[in-house]
Amino acid sequence: MPEPHGHLHRHHLLLLLFLLITATNSAPASATTTNYQIFKEAPQFYNSPACPSLDTNEMCSHQAVHVAMTLDAAYLRGSMAAILSVLQHSSCPQNIRFHFIPSSTANHQHLRLTISRSFPSLKFQIYPYDSSKVSGLISTSIRSALDCPLNYARNYLANLLPPCLSRVVYLDSDLVLVDDIAKLAATPLGDRSVLAAPEYCNANFTSYFTPTFWSNPTLSLTFAGRKACYFNTGVMVIDLQRWRQGDYTTKIIEWMELQKRMRIYELGSLPPFLLVFAGNIAPVDHRWNQHGLGGDNYRGLCRNLHPGPVSLLHWSGKGKPWVRLDANRPCPLDALWAPYDLLQTPFALES
């Protein structure tokens with residue numbers, strides 16, 4: 001008899017219609033045209049017996065691993081995959097605290113519900129970021145996606161996150177971990193370093209700044225006495241107390257203000273970090289940022305892994321794995337991202 005199947009089909013149509021109406025009604029007026037994605041619930045992950053019990057103030061616990069990430073609609077699918085990968089490979093997943101930073105104009109209720117539905121036990125907080133103060137400082141770069149004000153939220157982490165937090169792991173949304181994040185979080189920062197990240201001293205460091213910068217002795221002397229190397233700001237371990245004490249947000253903003261007066265670099269939010277920190281950061285093994293898997297900033301062609309072990313895969317560059325997979329034009333390494341994709345497809349809903 002066809003009726004049960006028809007009834008089931010109508011049930012799914014009504015479910016989809018309800019979700020669409022709910023998303024539309026909960027959106028601010030400026031976002032009513034947004035196509036909200038629906039994500040599956042992730043498995044529950046539990047601590048191993050050796051994991052420590054946390055302090056009472058859980059979101060500030062010094063025994064927890066604190067992870068900071070930005071959130072926005074365009075990269076939400078990547079963020080969800082990154083969260084899943086962090087939890088799946090952690091020995092103490094219940095001791096991880098997430099600190100999410102969306103734009104102040106984003107639909108925070110929708111973001112909170114989306115994360116809670118897929119990760120019901122996740123401990124997290126949302127900290128809205130007012131991008132208006134940085135919007136006027138952003139210079140056009142070589143790729144429009146790099147000019148998004150949310151890319152600059154990492155400049156303000158020490159101001160956005162609670163003063164009780166002393167150390168945080170900052171992660172981009174286009175990556176997955178295949179190792180325990182506690183190892184990365186425990187990176188020694190030494191006596192003076194404010195942040196730690198993998199350095200790439202074979203990269204052509206001079207190419208990150210314009211001839212105007214290098215031809216000005218006052219500016220180029222910035223790197224005098226520093227063994228300055230390129231590092232990628234998508235994976236960093238940051239001592240927030242040292243950051244606050246050194247007022248490094250102001251130092252970064254000063255370079256951005258200079259960039260508005262005379263063009264000294266071309267590449268988005270990275271160069272101010274290099275100007276302030278390059279040569280003074282604590283090293284991290286390259287396994288913790290196998291970056292560039294999204295290709296370059298122009299074409300986003302497929303790339304291979306760098307030689308050596310891998311703990312984190314990072315699709316920095318123009319090509320994102322979810323976009324290439326949806327277009328049926330994936331790169332070989334995109335298959336390593338796909339198992340962490342929580343997107344609820346229409347086929348999965350129907351079945």
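Start at valine 237, which lies in strand β9, residues 235–239. Before going on, the ground rules. This is a predicted model, where local features need pLDDT of at least 70, side-chain atom pairs count only at pLDDT 80 or more, and totals for chains, interfaces and linings use all residues. Residues are numbered from 1 along each chain as its sequence is written, and side-chain values use heavy atoms, with hydrogens and water left out.

Back to valine 237. Is it buried or exposed? Valine 237 is buried, at a relative accessible area of 0%. Buried means under 20% relative accessible area, exposed means over 50%, and partly exposed is in between, with a 1.4 Å probe and protein chains only. Now look for tyrosine 170. It sits 67 residues from valine 237 along the chain, yet their C-alpha atoms are separated by 6.3 Å. Contact here means heavy atoms within 4.5 Å. Leaving aside neighbours within four places in sequence, valine 237 has contacts that include Arg167, Val168, Val169, Leu184 and Ala196.

Next, helix α2. It runs over residues 76–88, 13 residues in total. From first C-alpha to last it reaches 18 Å, close to the 18 Å expected at 1.5 Å a residue. That expected span is 1.5 Å times one less than the number of residues. How many of the 13 residues in α2 are buried? Twelve, so the helix is mostly covered. Among the buried ones are Leu76, Arg77, Met80, Ile83, Leu84 and Leu87.

Arg77 takes us to the charged pairs. A salt bridge here is a side-chain nitrogen of Lys or Arg within 4 Å of a carboxyl oxygen of Asp or Glu. The structure holds eight salt bridges. Arg77 is part of a network of them, linked with Asp326 and Asp341.

Now some individual pairs. Aspartate 172 and arginine 154 meet through their side chains at 3.9 Å, N to O. Aspartate 172 lies in the loop between β4 and β5, and arginine 154 in the loop between α4 and α5, so the pair ties together parts that are 18 residues apart in sequence. Both ends are covered. Aspartate 172 counts as buried at 16% relative accessibility, and arginine 154 is buried at 6%.

Arginine 324 bridges to aspartate 334, with the closest N and O atoms 2.9 Å apart. This pair links distant parts of the chain: arginine 324 is in helix α12, aspartate 334 is in the loop between α12 and α13, and they are ten residues apart. Arginine 324 is buried at 9%. Aspartate 334 is buried too, at 0%.

Glutamate 266 is partly exposed at 36%.

Last topic, the disulfides. A disulfide is a covalent bond between the sulfur atoms of two cysteines. The cut-off used is a pair of cysteine sulfur atoms within 2.5 Å. How many does the structure hold? Four. Counting bonded cysteines along the chain, the pattern is 1-3, 2-4, 5-6, 7-8.

Cysteine 51 is joined to cysteine 92, S to S 2.0 Å. The torsion about that S-S bond is about -95°, so the disulfide is left-handed. Cysteine 51 is in the loop between α1 and β1, cysteine 92 in the loop between α2 and β2, and the two are 41 residues apart.

Cysteine 201 and cysteine 229 have their sulfur atoms 1.9 Å apart. With 100° about the S-S bond, this link is right-handed. Cysteine 201 counts as partly exposed at 40%, whereas cysteine 229 is buried at 4%.

Then cysteine 302 to cysteine 331, S to S 2.0 Å. The torsion is about -85°, so this one is left-handed. Cysteine 302 lies in the loop between β10 and β11 and cysteine 331 in the loop between α12 and α13, so the bond ties together parts 29 residues apart in sequence. Cysteine 302 is partly exposed at 45%. Cysteine 331 is buried at 6%.

That's my tour. Over to you.

Technical notes:
Helices (H or I, at least four residues) and strands (E, at least two) are DSSP runs, numbered from the N terminus.
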